[in-house]
Amino acid sequence: MGVRAYMLSVLQRQTLMLKAAFTERYPHAWLVWEPGPWKPARSVLESNLEATIQPSQAPTEGQAPGDAICFELKPPASGAALKVGRATTNDVVINDLTASREQFSMQHGQTGWVVAAPQGLLTLDGASVEAPAGPLRSGASLALGGVRLTFLSTADLARRAAAYVAPR
């Protein structure tokens, strides 16, 4: 299905233009890929077929300060789970070789978003996810490989976007 993704700097401009209407235009929760060291796959084949590397073995190419990538988590109408990982077949693609091809899944239920992952592949607020965990609270921190993600409500994302200042 693929989810829409925006740079935080773009959403900052949207908050300035839309003001209170921002949360009406973007009513869903968000998964924010935080800026940091980055080991990108160089091709679709590398993204889909290359073995996952350990973060400590990854020469980094990205910058630590920078613009976050924000994924809008619109719940699928079918109730299916969103898949998150490095492979281009995922709904949320994390183009980093320290992320597994299929890292974890997210499903929206009556109480909110829940995450599930094979043992040891995901931490939620510093604890390994052993079984489906949730509902996620706004501000929850998810770690996979060398990647850090933050789960935010639309109101919290609007506040963060409005306060964003691009690094120089």
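The radius of gyration is taken over C-alpha atoms, and the globule rule is 2.2 Å times the number of residues to the power 0.38. For the 168 residues of the protein chain, that rule puts a compact globule near 15 Å; the chain has 16 Å, which agrees. The model is predicted.

**The chain as a whole**

- The protein chain contains four helices and 11 strands.
- Its C-alpha trace spans about 45 × 40 × 30 Å along the principal axes.
- Of the 168 residues in the protein chain, 42% are buried.

**A four-stranded sheet**

- Four strands form an open sheet in the order E5-E4-E6-E7, and their pairing is mixed.
- Strand E5 (92–93) and strand E7 (112–116) are the edge strands, since each pairs on one side only.
- Strand E6, which covers residues 104–109, pairs with E7 in the antiparallel sense over five bridges.
- Gln 107 has Val 114, in E7, as its bridge partner.

**Helix H4 and its two faces**

- Helix H4 covers residues 154–163, and its buried residues include Thr 154, Leu 157, Ala 158 and Ala 161.
- Viewed down the axis of H4, the buried residues fall within an arc of 105°, so they line one face of the helix.
- An α-helix has 3.6 residues a turn, so residues three or four places apart point the same way.
- The exposed residues Arg 159 and Ala 163 lie on the face of H4 turned away from its buried side.
- Among the elements that cover the buried residues of H4 are helix H1 (8–18) and helix H2 (22–25).
- The cover also includes strand E2 (29–33), strand E3 (69–73) and strand E11 (147–152).

**Thr 154 in detail**

- Thr 154 is located in helix H4.
- Residues under 20% relative accessible area are classed as buried; Thr 154, at 13% relative accessibility, therefore counts as buried.
- Leaving aside residues up to four places away in sequence, Thr 154 touches Phe 22, Thr 23, Tyr 26, Pro 27, His 28, Ala 29 and Trp 30.

Key: Residues are numbered from 1 along each chain as its sequence is written. This is a predicted model: local features need pLDDT of at least 70, side-chain atom pairs count only at pLDDT 80 or more; totals for chains, interfaces and linings use all residues. Side-chain values use heavy atoms; hydrogens and water are left out. Two strands pair if DSSP finds at least two bridges between them. Buried means under 20% relative accessible area, exposed over 50%, partly exposed in between (1.4 Å probe, protein chains only). The arc is that of the directions from the helix axis to the C-beta atoms. Contact means heavy atoms within 4.5 Å.
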